[in-house]
Amino acid sequence: MSGYPTGPVVTARHWEKLADGRAQCNVCPHRCKLKDGQRGLCFVRAAENGEIVLTTYGRSSGFCVDPIEKKPLHQFLPGTAILSFGTAGCNLRCSFCQNWHISRSREAETAAEAAAPDAIARAAKALKCRSVAFTYNDPVVFLEYAVDAARACREQGIKTVAVTAGYINGGGPREEFFGAMDAANVDLKAFTDDFYRKNCGGDLQTVLDTLVYLRRETKVWVELTTLIIPGENDADAELKELCGWVAKELGPDVPLHFSAFHPAFKMTDRPPTPPATLTRARTIAAGAGLRYVYTGNVRDEEGGSTYCPACGKKLIGRDWFQLTEWNLKDAGHCRFCGAPCAGVFEDRPGTWGARCVPVAISDFGLRISDS
């Protein structure tokens, strides 16, 4: 298994032994059937000694303290610092991936920094982060590590956030994974199965099922992000269908972020998303009844700010990741009319600002090799 991201070998959860001797991973719809020595599509789940193991447990591609708005989460503890990290590998194959050097990596050096779950929690507390984000690559593929880290964080009073495509099976994996999370930003990459199959190597329905599960069966705070790619998923008809589904199935209070595409990975032949396209998408979403719609990856103070759905006044002003205005009172009510704003708020916003500060996790206690 040399050349792949490698950490301590930890027996995975959610797998089964097949009659032919292979081991089948049941975390995501690919259900990879593996002989000893083989890797799953995600690169980091593998078969060894007749069982499925996670090869990147306790290994990270790096840690950084970010503004929570960068995830993006706009209505979950605004203005606070969040300790962000990922590992390597992914269970989708997005041709437009913005983090392809991490998600598609097979190099051991990508996941070179060691950190036990307890060290992550202690680092977050020492750095005065209100939460920890599992991000950069999809945390579904390192489920065991993410869940263990999330549980350690809860013991320290630290919230946890999954930044994910939501491509995970129900019936065990989905319930365990999101049961450890306090919030999630889920990529709803498009609203056609053709897009998912052609550009991502997955299917749309699994993601929709995850979203319905999150909204109807959990207390996880959910926000959505759709990366708008010119000529791929930016047609008015598709955007209307997407927004209508969100309003009907998830409700009008779920925040939706329309993010600008920048040429990357295998999709460098497309132009960046014009800001006007994001504004058009935002208008369509408002017309569908969605109350909190944002634009991202462009400087747009109006599109980045939060407004009261009752009186229309600005509740939270934003310039990129910097808060510029705060008009909430009583942990989430409009200062002008008293109407509630959906989200998870404290009486005062955080003061972290727009800083992104890399962190050496080894400075904060246990390394994985010591645990």
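Which residue just after H2 takes a positive phi? In this predicted model, that residue is Lys128, with a phi of about 60°.

**Figure 1. Packing of helix H2 (residues 117-126) against helix H3 (residues 143-155).** The two helices pack at an angle of about 45°, and their axes lie 8 Å apart. H2 is therefore oblique to H3. The crossing by which H2 passes H3 is right-handed. On the H2 side, the contact is made by Pro117, Asp118, Ile120 and Ala121; H3 contributes Tyr145, Asp148, Ala149, Ala152 and Cys153. By class, the residues of this contact comprise 7 nonpolar and 2 charged, with no polar residue.

**Figure 2. The buried residues of helix H2 and the elements that cover them.** Pro117, Ala119, Ile120, Ala121, Ala123 and Ala124 of H2 are buried. Their cover includes strand E8 (62-67), strand E9 (81-86) and strand E11 (131-134), together with H3. Among the buried residues, Pro117, Ile120 and Ala121 also take part in the contact of H2 with H3.

Figure 3. A polar atom of the Thr160 side chain lies 2.9 Å from the backbone oxygen of Ala180. Apart from neighbours within four places in sequence, Thr160 is in contact with Val132, Phe134, Ala150, Cys153, Ala180, Met181, Asp182 and Ala183. One of these residues, Cys153, also belongs to the H3 side of the contact with H2.

**Figure 4. Ala180 in the loop between helix H4 (173-179) and strand E13 (183-187).** With a relative accessible area of 4%, Ala180 is buried, because this value falls under the 20% cut-off. Leaving aside neighbours within four places in sequence, Ala180 is in contact with Val147, Ala150, Arg154 and Thr160. Ala150 is in contact with Ala180 and also with Thr160. The C-alpha atom of Ala180 is separated by 26 Å from that of Cys200, which is 20 residues away along the chain.

**Figure 5. Packing of helix H6 (residues 204-217) with helix H7 (residues 236-250).** The axes of H6 and H7 are 10 Å apart, and the helices pack at an angle of about 35°. Leu208, Leu211, Val212, Arg215 and Arg216 of H6 meet Trp245, Glu249 and Leu250 of H7 in this contact. The contact has 5 nonpolar and 3 charged residues and no polar ones.

Conventions. Residues are numbered from 1 along each chain as its sequence is written. This is a predicted model: local features need pLDDT of at least 70, side-chain atom pairs count only at pLDDT 80 or more; totals for chains, interfaces and linings use all residues. Side-chain values use heavy atoms; hydrogens and water are left out. Axes are lines fitted to C-alpha atoms, for helices over the stretch in contact, and angles run from 0 to 180 degrees between N-to-C directions. Helices (H or I, at least four residues) and strands (E, at least two) are DSSP runs, numbered from the N terminus. Contact means heavy atoms within 4.5 Å. Ala, Val, Leu, Ile, Met, Phe, Trp, Tyr, Cys and Pro count as nonpolar, Asp, Glu, Lys and Arg as charged, and the others, Gly among them, as polar. A polar contact is a pair of N or O atoms within 3.5 Å; within protein, one must be able to donate a hydrogen and the other to accept it, and residues adjacent in sequence count only if both atoms are side-chain atoms. Angles under 35 degrees count as roughly parallel, over 145 as roughly antiparallel, 65 to 115 as roughly perpendicular and the rest as oblique. A crossing is left-handed if the near helix is turned anticlockwise from the far one by less than a right angle, and right-handed if clockwise. Buried means under 20% relative accessible area, exposed over 50%, partly exposed in between (1.4 Å probe, protein chains only).
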